[in-house]
Amino acid sequence: MNRRDEMGMALRDAVPIMVAYFPLSMTYGVLAAAGGLGGGLTIFSSAWIFSGGAQFMLLGMFDSAAAPVTVVTTLLLLSMRHVLYGATLGPYLRDWKESGKWVAAMGLTDEGFAVTSSRAAQGKRLLPSYYITFALAIYGSWVAGTAVGIGLGGFVTDELAGVLSFALPALFIALLAGGERTRSAMVAAGCGAVIATLAGMMNLGGVGLIAGGVAGATLGQQLSRWHQKRAARANDEAA
C-alpha cells in the first residue's frame, strides 16, 4: 500500500479508540474542573501525560492532598508497563529514525499498543505513515475530549460522570474480545485480571497493573511455548 492507503487504514483502526477516548477524557475534564484544577493545567495534563489511569489517579491524589513524592512515585509505578510495551514494539521499529521512535513512544497507550502490536504480530509492517497517523488520531481525541469536558463543567452530574468513566474498562473488554482467543491468550488475560483485581482490593494502586501484566504475559508465553513443543513432538512422532 502507498502512504495514503496506510494513513487511511490507520484512521479506520483508530476510530473505535477515538470514540471511547472522547467521553472518557471528557469525564476527566469535568471532574478536574469540578475539583478546582484550572482549565489550562487540565488540558496540559492530558497533552503531556496522555494516560487515563494516571490522570484519574492524579485527581484522586490531589483531592487527598498526597505528598508530591507519593504522587510522582505512584505515577511512575503505574506507567512502568509502558517499558514492556516499548520493548515489545521496539524490534518492529528498528528501521525508523530516532526522532520517529520518540513520537511513537508518546502515542504508546494501552489501547494503541493492543492494536499496533496485533498488527505487527500478523506480519504487517508498522510504517511511520500508519503508526504516527494512528497515534495522532487517538491523541487528538483525548485532548479534544478533555477540552469539551472543561467547557461542560458543572452541567454534567456526578451520576453521569460515573457512567462515562466506565468507558475505559469497556474499551479493554472490547479489545480483549476482538483479540486472539487461543488458550494461552485467555489464560494470560485471566491471570492478569485476577492479580490486578486482588491488588486493587488491597489498595496497591499501580503495582497491581504491573504485577498482573508481567505475570499474565509470562504465564501466557510459557503456555504457548509448551503447546508449540508438544505440537512439534507430535509431528516428529508422526513422521
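Colleague: Which residues form a nonpolar patch on the surface?

Modeller: Keep in mind that this is a predicted model. The patch has about 530 Å² of accessible area together. Its members are V194, L198, M201, M202 and L204.

Colleague: Take L198. Where is L198 found, and does L198 count as buried, partly exposed or exposed?

Modeller: L198 is found in helix 11, residues 183-201. Buried needs under 20% relative accessible area, and exposed needs over 50%. L198 has 47% relative accessibility, so L198 counts as partly exposed.

Colleague: What share of the residues count as buried?

Modeller: The chain has 239 residues. To count as buried, a residue must have under 20% relative accessible area. The share that does is 33%.

Colleague: And the surface: how much of the accessible surface belongs to carbon and sulfur atoms?

Modeller: The accessible surface of the chain comes to about 13700 Å². The part that belongs to carbon and sulfur atoms is 67%.

Colleague: Now helix 5. Where do its buried residues fall, seen down the axis?

Modeller: Helix 5 covers residues 81-89, and its buried residues are R81, Y85 and L89. Seen down the axis, they fall within an arc of 70 degrees, so they line one face of the helix.

Colleague: Which exposed residues does the face of helix 5 turned away from its buried side carry?

Modeller: Exposed means over 50% relative accessible area. On the face turned away from the buried side of helix 5, the exposed residues are V83 and A87.

Colleague: Which side chains meet in a salt bridge?

Modeller: The count comes to one salt bridge. The N to O distance is 3.3 Å, and the cut-off is within 4 Å. The partners are R119 and E6.

Colleague: How many residues apart in sequence are the parts that this pair ties together?

Modeller: R119 lies in helix 7, residues 110-121. E6 lies in helix 1, residues 3-34. The pair therefore ties together parts that are apart in sequence by 113 residues.

Colleague: Are R119 and E6 buried or exposed?

Modeller: The cut-off for buried is under 20% relative accessible area. R119 has 7% relative accessibility, so R119 counts as buried. E6 has 6%, so E6 also counts as buried.

Colleague: Last one. Among contacts between residues at least 6 apart in sequence, what share join residues at least 24 apart?

Modeller: Contact here means heavy atoms within 4.5 Å. Among contacts in the chain between residues at least 6 apart, the share joining residues at least 24 apart is 77%.

How values were computed:
Residues are numbered from 1 along each chain as its sequence is written. This is a predicted model: local features need pLDDT of at least 70, side-chain atom pairs count only at pLDDT 80 or more; totals for chains, interfaces and linings use all residues. Side-chain values use heavy atoms; hydrogens and water are left out. Buried means under 20% relative accessible area, exposed over 50%, partly exposed in between (1.4 Å probe, protein chains only). Accessible areas come from the Shrake-Rupley method with a 1.4 Å probe; for residues, only the protein chains shown count as cover. Patches are made of residues with over 30% relative accessible area and no salt bridge: like charges are joined within 9 Å, nonpolar side chains (Val, Leu, Ile, Met, Phe, Trp, Tyr) within 5 Å. Helices (H or I, at least four residues) and strands (E, at least two) are DSSP runs, numbered from the N terminus. The arc is that of the directions from the helix axis to the C-beta atoms.
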